[in-house]
Amino acid sequence: MTNETETEQTPEHVPMMQQILDNPFLLLFLGVTIPTVLYILWGVMEVASIPLAD
Amino acid sequence: MTAETVVGVGRRAAAADFRTCPYTGLKVDAAAQTLIKANAVAAVVFLLIGGLMGLLVALTRWPAVHLLPADWFYLVLTGHGANVLLFWIIFFEIAVLYFASAVLLNCRLPAPKFAWLGFALMVVGAIITNVVVLQGESSVMFTSYPPMMAKPNFYLGLILFAVGALIGCAIFFATLAIAKQERTYEGSIPLVTFGALTAAIIAVFTIASGAIILIPTWLWSLGLIGEIDPLMYKVVWWAMGHSSQQINVSAHVSIWYMVGALLLGAKPLSEKVSRTAFFLYILFLQLASAHHLLAEPGLTASWKIVNTSYMMYLAVLGSMIHGLTVPGSIEAAQRKNGYDKGVFEWLRKAPWGNPAFAGMFLSLVMFGFIGGISGVVLGTEQLNVLMHNTIYVPGHFHGTVVTGTTLAFMAGTYLVLPLIFQREIVWPKLAKIQPYLFGIGAAGISLFMMGAGTLGVARRHWDITFSDAELSFAHSAGAFLMMGLNGVFAILAALGGAIYVLVVVGTVLFGKKITAGHKLTFPLHAGGGAAVSQYGSHATTKLPGTIVLVAIFFVCFVLYYFINWKYLSELWLFR
């Protein structure tokens with residue numbers, strides 16, 4: 001009986017991937033940061049580094 | 001982990017005014033319901049305006065008709081883009097966000113007054129932009145590339161609209177947080193809500209990018225900033241312009257799952273696989289924006305290829321997963337419902353007379369075959385030069401936004417009307433044929449524009465005969481035929497769109513009020529409410545029909561992809 005109670009109270013292991021997918025604000029952070037870095041910042045830096053015509 | 005959505009255990013649920021839907025068993029917050037109605041009605045109004053403008057564009061580009069003079073053509077084309085690509089779509093998406101959060105999670109919508117403020121800003125912004133476009137002098141196209149300058153209110157209207165939409169997204173995230181805090185569900189949110197979450201995340205990136213570029217452009221139009229660098233503008237603007245269409249993709253894929261669940265009791269084949277596909281969208285889908293800049297000399301091949309090839313293909317992988325799992329979940333549900341004979345009984349005996357199902361399935365097939373395949377071709381740097389700035393490009397995005405998103409949203413409307421407006425659909429016979437008319441019309445528009453683009457017809461061009469040009473140029477007869485057929489199918493799509501608006505307005509105003517015990521004309525599956533709002537997979541691999549459909553898709557994909565490489569090899573000779 002005691003063992004059963006202990007088993008019920010033991011928190012279930014949640015896989016890391018599911019923890020990520022269950023956290024909307026972490027997903028928001030990833031979904032904004034990755035395109036900001038790979039697309040906007042990298043793209044803007046490339047445009048900014050084009051030398052000006054004399 | 002046991003990840004099930006538990007219904008009705010909220011501690012503060014009594015603080016809100018709920019009703020229980022008699023068809024799904026879901027608790028519907030009155031504030032959320034009113035906001036869903038308002039956003040859906042506004043969406044349909046702007047679809048009507050934008051759709052009418054689209055018909056005028058198509059009739060002008062039909063060489064034999066050539067309806068509008070040049071200045072009106074560019075004015076109407078600008079209005080068409082803003083109304084259908086932004087206002088119709090995003091109003092509807094905000095309605096989807098409120099439905100997927102408050103309704104599917106049995107939760108109250110927090111801060112409804114704030115949500116109304118967002119709605120008001122969106123309405124005011126959309127009206128300002130429309131007025132200023134119709135006044136003329138702002139015919140800068142949807143993209144509004146500098147150094148073309150619109151009137152300041154053009155940008156101001158878009159900024160106000162974007163701020164309103166951002167408030168809608170904030171309300172969505174707040175609803176998720178409150179639903180978790182008040183324990184209106186346990187474990188993981190339902191898949192449809194997860195798809196809406198994907199759309200909301202992409203929306204935040206989209207709107208932030210829009211603010212970054214539209215605010216300085218507005219200041220430039222006011223004379224407060226001296227210059228906007230055109231290439232810098234293009235890079236940042238497309239983070240908004242293309243990503244806004246990626247919100248659509250996430251939202252309409254959610255609606256595919258929702259329609260399958262509500263009508264057939266379809267559960268995802270695998271929650272993990274479908275969520276991983278949405279996760280790929282969250283990480284990579286926005287990066288497809290770079291394919292608009294593949295012909296720009298100022299950006300390196302590394303930036304272009306990393307964004308459009310490596311990263312975009314991961315998002316395409318997500319779409320292909322959904323392309324398997326959505327029909328797969330429908331097949332699994334239909335077989336469970338008793339349609340288990342042969343390879344395709346599940347598909348033959350699907351509810352094709354229900355406009356929600358017909359619209360959803362047509363959207364699924366045409367988005368994949370037309371919009372999806374052409375998108376990958378356009379996103380390939382080498383192949384892009386074949387069609388860059390031709391009418392192939394609008395052909396592609398009509399394949400995604402019209403046959404994909406708009407048709408899916410229309411399908412979703414046939415569920416929103418009885419479940420949220422609580423009205424029986426008027427003129428059901430018209431409603432039955434509407435998705436077919438609109439779908440076939442939109443597919444024709446997409447295919448014939450793509451065909452004309454392959455023959456070299458430019459996009460955004462008033463006169464393909466070049467009648468006032470000093471140097472004459474004649475397109476092939478095939479190009480003229482394609483543009484004529486585009487006009488014919490635009491009329492068909494407009495007819496389908498008009499019937500949609502008619503049925504929606506008729507239902508909202510005159511539809512029979514649904515009372516207890518009423519049998520819906522287009523019935524739902526008995527287990528639909530549970531299937532759409534609870535975590536759980538229909539784990540099966542017995543999907544012969546889906547496997548055949550997917551195989552046909554892959555054959556078409558590979559053939560079309562390599563046909564374009566063949567075209568390129570003929571143009572780009574190495575000696």
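Modeller: What follows describes the interface and then some features beside its elements.

This is a predicted model, in which local features need pLDDT of at least 70 and side-chain atom pairs count only at pLDDT 80 or more, while totals for chains, interfaces and linings use all residues. Residues are numbered from 1 along each chain as its sequence is written, chains are lettered from A and ligands numbered from 1 in the order in which they are written, and side-chain values use heavy atoms, with hydrogens and water left out.

At the interface, 28 residues of chain A are in contact with 40 residues of chain B (heavy atoms within 4.5 Å). Together the two chains bury about 2,800 Å², of which 76% is on carbon and sulfur atoms; buried area is the accessible area (1.4 Å probe) that two parts lose on being put together, summed over both. Seven residue pairs, both at pLDDT 80 or more, are in polar contact between chain B and chain A. Such a contact is a pair of N or O atoms within 3.5 Å; within protein, one must be able to donate a hydrogen and the other to accept it, and residues adjacent in sequence count only if both atoms are side-chain atoms.

On the side of chain B that touches chain A, two or more residues come from each of helix 4 (152-181), helix 5 (191-221), helix 6 (230-241), helix 8 (271-284) and helix 9 (301-336). Helices are DSSP runs (H or I, at least four residues), numbered from the N terminus. Helix 6 of chain B gives the largest share, seven residues. By type, this side holds 27 nonpolar, nine polar and four charged residues; Ala, Val, Leu, Ile, Met, Phe, Trp, Tyr, Cys and Pro count as nonpolar, Asp, Glu, Lys and Arg as charged, and the others, Gly among them, as polar.

No salt bridge is found across this interface; the term requires a side-chain nitrogen of Lys or Arg within 4 Å of a carboxyl oxygen of Asp or Glu. The whole structure has 10 salt bridges over all chains. One joins the side chains of B:R275 and B:E271 (2.9 Å, N to O), which both lie in helix 8 of chain B, four residues apart, about one turn of the helix.

In the loop between helix 3 (112-134) and helix 4 of chain B lies B:P147, joined to B:P146 by a cis peptide bond with omega about 10°.
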